Each structure stands twice: as C-alpha cells, then as structure tokens.
Amino acid sequence: MTRPHVLVVGAGIAGPSLAGWLTSQGWRVTLVERARSLRTGGQAVDFRGPVHRTVLERMGLWEAIHERRTRSGTQSLVDASGRSLVELPALMMSGDVELHRGDLCQLLFERTRVRVEYRFADAPTALRETAEGVDVEFERHAPQRFDLVVGADGLRSTVRSLLFGEGPECLRHHGYRVVGCTLPNTLGLRRRGVIYSEPGRGVSVTSAQDEALARALFVFTGGPLGPHERSPASARDAVSAVFAGAGWKTRQLVEGLREAEDVYFDAIGSVRLARYSRGRVVLLGDAAWGGTLGGQGTPLAMVGAYVLAGELLASPGSHQEAFSRFEARMRPYATPAQEGAKHVGGFFAPRTRPGLFLRNQLYRVLTSKPLERVFVKLVTQAAHAFELPDYGGAFSLPRHSLDGALQNDPPRSHG
Ligand SMILES: Cc1cc2nc3c(=O)[nH]c(=O)nc-3n(C[C@H](O)[C@H](O)[C@H](O)COP(=O)(O)OP(=O)(O)OC[C@H]3O[C@@H](n4cnc5c(N)ncnc54)[C@H](O)[C@@H]3O)c2cc1C
C-alpha cells in the first residue's frame, strides 16, 4: 500500500477524528455518512484527565473545545419539593471540559473537510474482501475497492453486521430506556442541573449554553426497543405514560417534551464483541465498544482514533498487526469505561425506594469534604487508566481554519 485508500463509515466523532489523522499523513480517506448532512444532535459530552487532554492537544483541538465549553456547574439531587439533597460536583457530570456534541461534530468536520472526501446520504450494503482490498457496494454510489474499511458507524453499526453477521444480541440491554430533548428553561436554571428521581423513573434537567433553553433526560425502566419503536412520537407516549403522576416539576417537563423538536429515544445498552476486526475491516468508537449513555463514548472514540491511526501509520505494510495492537491497547481501556452504561440507569432511576434512599446516602457521603479525593478518583479513574502511546512528534493535526469555506457552504444539520 503506497498511499492507502481507506473507507471510513460514519461521520460522527470517531470517523472524522480518524480521517483527520490519516489524511494529515498523506493517506486517502473517503468518509461515507448515511444522513443527508452532519448529525449535530445530542446533549453534552465531556473530557476528563490527562489522557483525553493529550489527545485533544495533539489534535490541535484543546483551545477550540475550551472556547465552546458549556461551563456547567453542579447538579443537585432534589426531592419532590425541589429541596437539594446532595450537590454533585461539576467534575462528576461534566468532567474537566464539556461541550455540546454538535459543536464537536461541527469542529471535526471543519478541520477535516478539505482533505477528506465526504459523501453524505450513502451507506455500504456489502463488503467483500479480496487479496488486494475490500470491494464495497453502496446504496447510491457505484461499487469501489478500498485498501481498508473502518466501521465508525455507531452503536447500531452496519459495518459490524456486514462483518460479523452480528444481530442485536451484541448490544446488551441494561434494563432502562432514555429520552433526551431540549426544552424551554422554565426552571430558570443557570449553569447548573437538577436530578429528580422516583423508583424506576428519573429526570435530569441542565441549563444549556443558551440560557433560554435546558436539556432534559428522562430515564426509566423498560426493555429493549425495536428499530421502529424509537420515534419521537413513541418517546412522547412512553414518557407521558411512565411519568404520569410523578412529583416535583415533572409534569411541566413532560409538557415541554411534547413541543421539543430534537427528541432522542433509546434503550440503554452496550456493545460487547469478541473482536474488533476481521481481515481488512476494523470497527472504531461506539461500533466497537459503545454504550448508550454514561460510558465516556466520545473521548474513547477520539482516543481510539488516535491509537488506530498511530498503529496503522507505524506499520503501513501490515494492517493485521496494526489492528491487533489497536485492539490490545483499546480493549482494556474501553471495556471498564463502558461499565458506566450498566449503572447509569440505576443512578438516575433506582428501581426501589430503599435503592433510592441508598443512592442519596451514598452520594451524600462520597461528596462530603473528607472523601473529596476518593470521589475525584472514582469519577476519573476509568478515564485515566491508559498509557497513551507516543507515535512521534510529527503526528499532529494541522490547525487550518476553514471558516471562509463554511460561510459559503454551511453544512445543514439535523439530529
Ligand atoms: C445524533 C446523535 C446524538 C448523540 N447524542 C449523544 C449525547 O447526547 N450524549 C452522548 O454521550 N452521546 C451521544 N451520542 C453518541 C456519541 O456521539 C458517541 O457515543 C461517541 O461520540 C462515539 O462516536 P461514534 O463516532 O463512534 O458514533 P456516533 O457519534 O454515533 O456516529 C456514528 C455516525 O455513523 C452514521 N451511520 C450510522 N450507520 C451508518 C451507515 N450504515 N452508513 C453510514 N453512516 C452511518 C451515523 O449517522 C452517525 O453520524 C450521539 C450520537 C448521535 C449520532
């Protein structure tokens, strides 16, 4: 492979991050995204600790991310009268720096769009490996051969199913569902959040960057969801039914959800795979190890992109070696971090009244002054537990600003 041509599937976070690294070193990347334009939906995502920071610095993104940070403060666990029971420090819910997923998505696109060939509104339908490469068929584009294929197409990865024939069984369900949306900030929150829980149902509301708005998450017990059960209409019906009669300000939040435009609905689960690659095809980000919520999916995707690019560039003649070193490094990091997805439902909505009482007591103790250090360790240890490889000084992304190009041709966005 003299100047390898890589197909990356998915223009979320992992895909553009990898594409940026590879093209900065002269590789050719075609990035196919199923949506018609960049999907800038989602709530806030955060970065914590030196591993995440170093990767962002090497990507030349640290300052840009800081400029866009949400500056979220504490989150209060409240009772039905709105009285704060526990104040959760900003570090727990929003790390060292937090920004809206859409801002990050946009930033990565801006930094990579000149060198990467983006193709929107297309998706692969078949992959066939030969001795020379992977022959890929698409929904819209003519078939094409690539040296390597990277599936960065999220939790319900098509590349993963084409590669391993994996059905929904590799997405393990954790007994909860989540609905997210943006609402008017009727609670008047300013750079802070509130979490109200009852057995089996809980809602969190956090002020958004635009203080007229707030971001809400409704978390409740429930089974897995089929592909046609995740529509905004189903989300509104499910939340109305589950939260009927719930206390605090829940009714007004449920009413806000009725008018919300960016409704997201999913079951909480995480991906478990025996391996991340086969032949010339590899999975990255949520497609390989993702969890619906609470698993540090975004920083893991960016660390993973850095490691995959580093390993490929370190041994350009042998993708097998690069893929196995990538997996050997990332699996022990990603798997424990994704444990968070297992517990996030139980944190927002403990199933029983004693469970709710215990959660409040536990966090009251953990956030007390004497246990401050223990608490910091608990909420950062998964992010820290990685020895970031150094692939050499030249390995950093160019910092070109493409604002002019963007003003002439703004990418449309939708959730
Ligand atoms: C719209 C949206 C909102 C999100 N909101 C949040 C949030 O609020 N909080 C949070 O922690 N995480 C959120 N996530 C998930 C978060 O982005 C990931 O956990 C993390 O950033 C890892 O990113 P990823 O690139 O692996 O996956 P994703 O960010 O999910 O990106 C995958 C991309 O692949 C595309 N795709 C899927 N299938 C195909 C296909 N067959 N062909 C081509 N393209 C395909 C998708 O359209 C998407 O753009 C959201 C993801 C999306 C897509």
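Trainee: Which residues does S197 touch, not counting residues up to four places away in sequence?
Mentor: Happy to start there, and keep in mind that this is a predicted model. S197 is found in strand β14, and at 7% relative accessibility it counts as buried. Leaving aside residues up to four places away in sequence, the residues S197 touches are G202, F348, P350, L356 and R359.

Trainee: Which side chain joins the side chain of S197 in a polar contact?
Mentor: Two polar partners of S197 are worth a look. The backbone oxygen of F348 lies 2.7 Å from a polar atom of the S197 side chain, but that atom of F348 belongs to the backbone. The side-chain partner, at 2.9 Å, is R359.

Trainee: What separates the C-alpha atoms of S197 and V219?
Mentor: Along the chain, S197 and V219 are 22 residues apart.

Trainee: Is H174 buried or exposed?
Mentor: H174 lies in strand β13, where it touches I268, G269, S270, A341 and K342, not counting residues up to four places away in sequence. Its relative accessible area is 16%, and the cut-off for this class is under 20%, so H174 is buried.

Trainee: How many salt bridges are there?
Mentor: Some of them join up: R128, E132, D135 and R145 are linked in a network of salt bridges. For the structure, the count comes to 21 salt bridges.

Trainee: Where do R190 and E211 sit, given that their side chains meet in a salt bridge?
Mentor: Their N to O distance is 3.1 Å. This pair links distant parts of the chain, 21 residues apart, with R190 in the loop between β13 (171-184) and β14 (193-198) and E211 in the loop between β15 (201-207) and β16 (213-221).

Trainee: Which helices hold E311 and R329?
Mentor: The side chains of E311 and R329 meet in a salt bridge of 2.7 Å, N to O. The pair links distant parts of the chain, 18 residues apart: E311 is in helix α10 (residues 297-314) and R329 is in helix α11 (residues 319-337).

Trainee: Is E311 buried or exposed?
Mentor: R329 is partly exposed, with a relative accessible area of 32%. For E311 the relative accessible area is 2%, so this residue is buried.

Trainee: What separates R331 and E327 along helix α11?
Mentor: R331 forms a salt bridge with E327, and their closest N and O atoms are 2.7 Å apart. R331 is partly exposed at 24% relative accessible area, while E327 counts as buried at 14% relative accessibility. Because they are four residues apart in helix α11, they are separated by about one helical turn.

Trainee: How many disulfides does a search of the whole structure find?
Mentor: A disulfide is a covalent bond between the sulfur atoms of two cysteines. Take C181, which is buried with a relative accessible area of 1%: its sulfur is 20 Å from the closest cysteine sulfur, in C105, and so too far for a bond. Another cysteine, C170, counts as buried at 3% relative accessibility. Across the whole structure, the number of disulfides found is zero.

Notes: Residues numbered from 1 in each chain as written. Predicted model: local features only at pLDDT ≥ 70, side-chain atom pairs only at ≥ 80, totals over all residues. Heavy atoms only, no water. Salt bridge = Lys/Arg side-chain N within 4 Å of Asp/Glu carboxyl O. Helix = DSSP H or I, 4+ residues; strand = E, 2+ residues; numbered from the N terminus. Buried < 20%, exposed > 50% of the residue type's maximum accessible area, 1.4 Å probe, protein only. Contact = heavy atoms within 4.5 Å. Polar contact = N/O pair within 3.5 Å; in protein donor to acceptor, adjacent residues only side chain to side chain. Disulfide = S-S within 2.5 Å.
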